[in-house]
Amino acid sequence: MSKMNELMARGTELLGSDYAILCGAMSWVSERHLVSAISNAGGFGVIACGAMTPALLDTEIAATKALATKPFGVNLITMHPQLFELIDVCAKHGVGHVVLAGGLPPKGSLEAIKASGAKVICFAPTLAMGKKLVRSGVDALVIEGMEAGGHIGPVSTSVLAQEILPTLADEVPVFVAGGIGRGEAIAAYLEMGASGVQLGTRFVCATESIAHPNFKKAFMRASAREAVASVQIDPRLPVIPVRALKNAGTEAFTAKQREVANKLDKGEVDMMQAQLEIEHYWAGALRRAVIDGDVENGSLMAGQSVGMVSEEESVAAIVASLVQQAEAALQARG
Ligand SMILES: Cc1cc2nc3c(=O)[nH]c(=O)nc-3n(C[C@H](O)[C@H](O)[C@H](O)COP(=O)(O)O)c2cc1C
């Protein structure tokens with residue numbers, strides 16, 4: 001067994017994959033084709049449920065099962081109003097792994113997932129939250145730094161890894177995400193105690209990804225410094241920052257925040273509705289770019305590792321080069 005496989009053993013055992021390399025769920029991008037390709041290449045694919053209805057998720061899982069020969073997971077957003085119906089859909093299909101994203105799991109959700117026999121993976125934004133999640137019975141954690149694409153927290157991957165791995169890596173497998181573009185970085189996090197990693201941006205331009213050619217072109221052209229975090233313009237309306245490539249859509253989001261903040265002022269919406277409106281805005285804007293190819297006005301969610309994406313390659317080729325780089329790095333250390 002290679003050094004890398006040894007360090008990933010707890011991760012691969014939990015996931016049932018060859019490598020503990022997850023492709024994190026990406027709304028509109030992580031559908032049947034990319035997810036099955038990742039799992040079939042030895043990684044672990046995760047369907048992005050996003051705002052899908054239970055019926056749509058049902059169809060997507062069935063279609064993915066038809067293409068995948070290896071296990072894959074489903075990512076559910078805790079804010080989804082039909083979260084428990086979505087959990088039932090996963091259970092019906094015998095989905096082995098549910099990833100809960102977007103905040104604290106609501107009461108009863110962990111129990112409902114575990115009752116179906118599935119493993120639960122949650123995001124730990126801080127050490128305290130990670131400890132709490134472990135106590136409540138999660139099977140694994142993802143720690144995601146602010147280098148990542150999409151919705152982000154305030155802390156970098158390297159700091160989260162130093163804060164969380166020494167304490168929690170012995171308790172449950174921990175997967176490190178955010179800013180990983182090459183295998184040398186995977187090797188480093190494994191040596192620090194991670195059981196695996198999660199990448200998103202690096203897989204967007206895979207041949208099997210259905211992202212629009214314009215979306216992929218924008219990724220291949222961009223450098224790390226162009227993937228910037230959105231700015232909160234109104235102190236009364238806290239918005240979760242989103243990292244994306246700068247375009248006209250970035251400006252449009254500023255206008256959107258003003259519009260929602262005004263509605264909040266006039267009492268037309270409460271804080272919860274205001275935040276949901278912002279989230280719906282992102283889902284629509286991302287669809288516009290990923291599916292319709294409108295890379296000017298849509299949202300080009302991307303992590304800083306976008307600078308390391310320079311061509312369209314098969315999922316198998318991407319996984320193979322990540323593995324080769326990680327193994328070479330570990331071997332060079334002797
Ligand atoms: C276009 C895009 C869409 C994303 N959508 C989601 C999502 O719906 N749910 C989620 O939990 N994470 C989402 N993410 C985050 C990824 O799952 C993953 O954790 C992240 O991309 C890892 O960091 P990296 O981009 O630096 O590799 C998204 C990321 C990107 C780039």
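How many helices and strands make up the secondary structure of the protein chain? The chain comes to twelve helices and twelve strands. Both are DSSP runs, numbered from the N terminus: helices are H or I with at least four residues, strands E with at least two. The radius of gyration, taken over C-alpha atoms, is 19 Å, close to the 20 Å that the globule rule gives for 334 residues, so the chain is as compact as a globular protein of that length. That rule is 2.2 Å times the number of residues to the power 0.38.

This is a predicted model: local features need pLDDT of at least 70, side-chain atom pairs count only at pLDDT 80 or more, and totals for chains, interfaces and linings use all residues. Residues are numbered from 1 along each chain as its sequence is written.

**The core.** The largest nonpolar core has 106 residues. Such a core is a set of buried Ala, Val, Leu, Ile, Met, Phe, Trp, Tyr and Cys residues joined through C-beta atoms within 7 Å. Buried means that 20 or more other C-beta atoms lie within 10 Å of a residue's own, with C-beta atoms placed from the backbone. V46, V98 and L141 are among the members that touch the most others. Helix 12 (residues 315–332) gives the largest share, eight residues.

Technical notes:
Buried ≥ 20, exposed ≤ 12 C-beta atoms within 10 Å, placed from the backbone.
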